[in-house]
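The sequence and the structure are shown first.

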Amino acid sequence: MSDPNNCLFCKIGSGKIPSYKVYEDDDLLAFLDIAPIRDGHVLIIPKSHHDYFDDLPEELAAKIIVLAQKMAKVQKRLYGVKRVGIMFTGVDVEHAHCHVVPMVKASDITSRQYITNDDLEFAPRPHADAEELSVISKQIQAGLSA
Ligand SMILES: [Zn+2]
């Protein structure tokens, strides 16, 4: 297991590092990805440290999916999208996190397998504007408590 004392998402989960929070309970925290694929791109994390999705206790994994369902309904209302995609990639931070992404285009979450142009290069996602993130996090919070 990776070191929880040196884990970005443990620090966000405990509030030591601030985030654009949209939801919190005893076990979970949901906040905006600061480098969103689309507006309203949310990360759901357990507050306890588990490296990967498959390391999560079943009950905790289920809670994350149930919250992702609620989140998706809010995102559909806010952004007028037909579908919301979720993924656990395990990339970047070794603390299980669920991406919840309003799908504007089918390619917003893309498998390399479907890309026919092999010369494709991926740029790091740009960070969103702080003011914009603040507005979006409040809209999603309000949507969840409606
Ligand atoms: Zn952690």
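A residue is called buried if 20 or more other C-beta atoms lie within 10 Å of its own. The model discussed here is a predicted one, and this criterion is applied to its coordinates. In strand E3, five of the five residues are buried, so this strand is largely enclosed by the rest of the structure.

Strand E2, residues 28–32, pairs with strand E3, residues 42–46, in the antiparallel sense over five bridges. Within this pairing, Phe31 has Leu43 of E3 as its bridge partner, and Leu29 stands opposite Ile45. E3 also pairs with E5, again in the antiparallel sense, over three bridges. There, Leu43 stands opposite His99 of E5.

These pairings belong to an open sheet of five strands, ordered E1-E2-E3-E5-E4 and paired in the antiparallel sense. Strand E1 (21–24) and strand E4 (83–87) are the edge strands, each of which pairs on one side only. From one strand to the next, the twist averages 20 degrees.

Two helices lie across the sheet. Helix H2, residues 58–79, lies across E1, E2, E3, E4 and strand E5 (98–103), and runs at about 20 degrees to E5. Helix H3, residues 130–145, lies across E1, E2 and E3, at about 35 degrees to E1. The axes of H2 and H3 come within 9 Å and cross at roughly 120 degrees, and the crossing is right-handed. On the side of H2, the contact is made by Lys70, Val74, Arg77 and Leu78, and on the side of H3 by Gln139, Ile140, Gly143 and Leu144. By class, four of the residues in this contact are nonpolar, two are polar and two are charged.

A single residue illustrates how parts of the chain meet. Leu32 lies in strand E2. Leu32 counts as buried because it has 22 C-beta neighbours inside 10 Å, where 20 or more are required. Apart from its neighbours within four places in sequence, Leu32 is in contact with Tyr20, Val22, His41, Val42, Leu133, Ile136 and Ser137. Of these, Ile136 is 104 residues away from Leu32 along the chain, yet the C-alpha atoms of the two are separated by 8.3 Å.

The chain as a whole can now be described. It has three helices and five strands, which follow the pattern α-β-β-β-α-β-β-α along the sequence. Its radius of gyration is 15 Å, close to the 15 Å that the globule rule gives for 146 residues, so the chain is as compact as a globular protein of that length. Along the principal axes, the C-alpha atoms fill a box of roughly 40 × 35 × 30 Å. Buried residues make up 27% of the 146 residues. Of the contacts between residues at least 6 apart in sequence, 61% join residues at least 24 apart.

Terms used. Residues are numbered from 1 along each chain as its sequence is written. This is a predicted model: local features need pLDDT of at least 70, side-chain atom pairs count only at pLDDT 80 or more; totals for chains, interfaces and linings use all residues. Two strands pair if DSSP finds at least two bridges between them. Helices (H or I, at least four residues) and strands (E, at least two) are DSSP runs, numbered from the N terminus. Axes are lines fitted to C-alpha atoms, for helices over the stretch in contact, and angles run from 0 to 180 degrees between N-to-C directions. Two residues are in contact if their C-beta atoms, placed from the backbone, lie within 7 Å. A crossing is left-handed if the near helix is turned anticlockwise from the far one by less than a right angle, and right-handed if clockwise. Ala, Val, Leu, Ile, Met, Phe, Trp, Tyr, Cys and Pro count as nonpolar, Asp, Glu, Lys and Arg as charged, and the others, Gly among them, as polar. The radius of gyration is taken over C-alpha atoms; the globule rule is 2.2 Å times the number of residues to the power 0.38. A residue is buried if 20 or more other C-beta atoms lie within 10 Å of its own, exposed if 12 or fewer, and partly exposed in between; C-beta atoms are placed from the backbone.
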